[in-house]
Amino acid sequence: MSAQKTLHTHSREPLLRMARRDSIDPGLAWAIRGAAFLLSLVTGAVIILLLGHNPLAVYQSMVVGAWGSPTVIRETVKLAVPLLITALGISLAFRMKFWNIGAEGQILVGAVAAGWFGLYTATIFPKIPLVALMMLSSMVFGGLYGLLPAVCKSKWGTNETLFTLMLNYIALAFIKYLMNGPWKAPGSSFPRIPMLVSGARLGKVFGVHWGWILALVLVVVVYVYTTRTKQGYEIAVVGESANTARYAGINVSRVMRRTMFLSGALCGLVGMLQFAGADYTITEGTAGGVGFTAITVAWLAKMNPFGMLVVSVFIAMLERGANTIQTNFKIPASASDLLIGIILFFMLGCEFFLTYKLIPRGKEEHHA
């Protein structure tokens, strides 16, 4: 009877069990990441072959398209800057398990705040004070837009994921209103916000607006803030357990509001950099999906600011390379986007095997 019971219990045991790893050897972790990257290239190569092209030639073209000349390098850096700063911003919220999905809206609000000064006071202020006002206003209004869901969550327990996501659409609708109404370019036959005058645009360093220097500075600032300050420690404690934080005497609501203001402020700053340093106007595509792609950057880097620097440059390289193969090989935009998606899917998917391990039936879990 006992043997039958044991056999019955064994038959109900799943073929594979999932268990969280206590730790993983760094060498094994990098081996898994390397294997995932190679598998993504192989999978992408199959798709390229189905499209009738040589995978090696396509991949080579992607690399050359991102790093092959000073001109394309500058374009790659321009793509990486907003990704990096936005990822730094949302990572602050993610560290305390506050899921800020509203970076797109915060970028747009920051662009509008900077746009008011840039478009309507450029003849009043000299360039340096004007740029300072655009930066400050973009960060303040972006921060306030991020603060709103934090206030509502702390007071009424609202769902921050849905709240921040819906705020994206409100910001986008406001941009459309400005394009069709009070900010419509005089004499234009279609909805368009005027271009920023050349005297108010950001200066360039090595051919790219100086936002790339600011981004590098912010990497260090965010690292120090999250790892070496009391406020950073409070974010970590709230992220581990809000109840533990309250027991330790931390004002969870205040930490939540402060952190979301900073998160929104960094995203709002991206709006100003895109407006005054890259696009010179504001459109529905000013955010350009950066707010969502930055989530991938933050997760792949495991919220490490220096890791975000590497990942944002990597993704910018993929995006720039994808544009190149569309031109050189006449590959449809949807197919080039699919290649990027496959690579990112494998890179994100491998994180599962870094966090969990699969235990076959009949095997016992051994803890290190």
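**Ground rules.** I worked on a predicted model, so I kept local features to pLDDT of at least 70 and side-chain atom pairs to pLDDT 80 or more, while totals for chains, interfaces and linings use all residues. Residues are numbered from 1 along each chain as its sequence is written, and side-chain values use heavy atoms, with hydrogens and water left out.

**Largest pocket.** I looked up its volume and found about 590 Å³. A pocket here is an open set of points on a 1 Å grid over the protein atoms alone, where a 1.4 Å probe fits, with protein on both sides within 12 Å along at least five of seven lines; lining residues have an atom within 4 Å of a point. The volume is the space filled by probe spheres set on the points, which are joined across faces, edges and corners. I found 22 lining residues, with R20, W299, K302, M303 and T355 closest to the centre. Helices are DSSP runs of H or I, at least four residues, numbered from the N terminus.

**Second largest pocket.** I noted about 380 Å³ for this one. Its lining has 15 residues, and W30, R33, L300, V311 and M347 lie nearest the centre. Helices α2, α13 (305-329) and α14 each give at least two.

**L136.** I placed L136 in helix α6, residues 127-156. Is L136 buried or exposed? L136 is exposed, at 53% relative accessible area, because exposed means over 50% with a 1.4 Å probe, protein chains only.

Definitions and conventions
Buried < 20%, exposed > 50% of the residue type's maximum accessible area, 1.4 Å probe, protein only.
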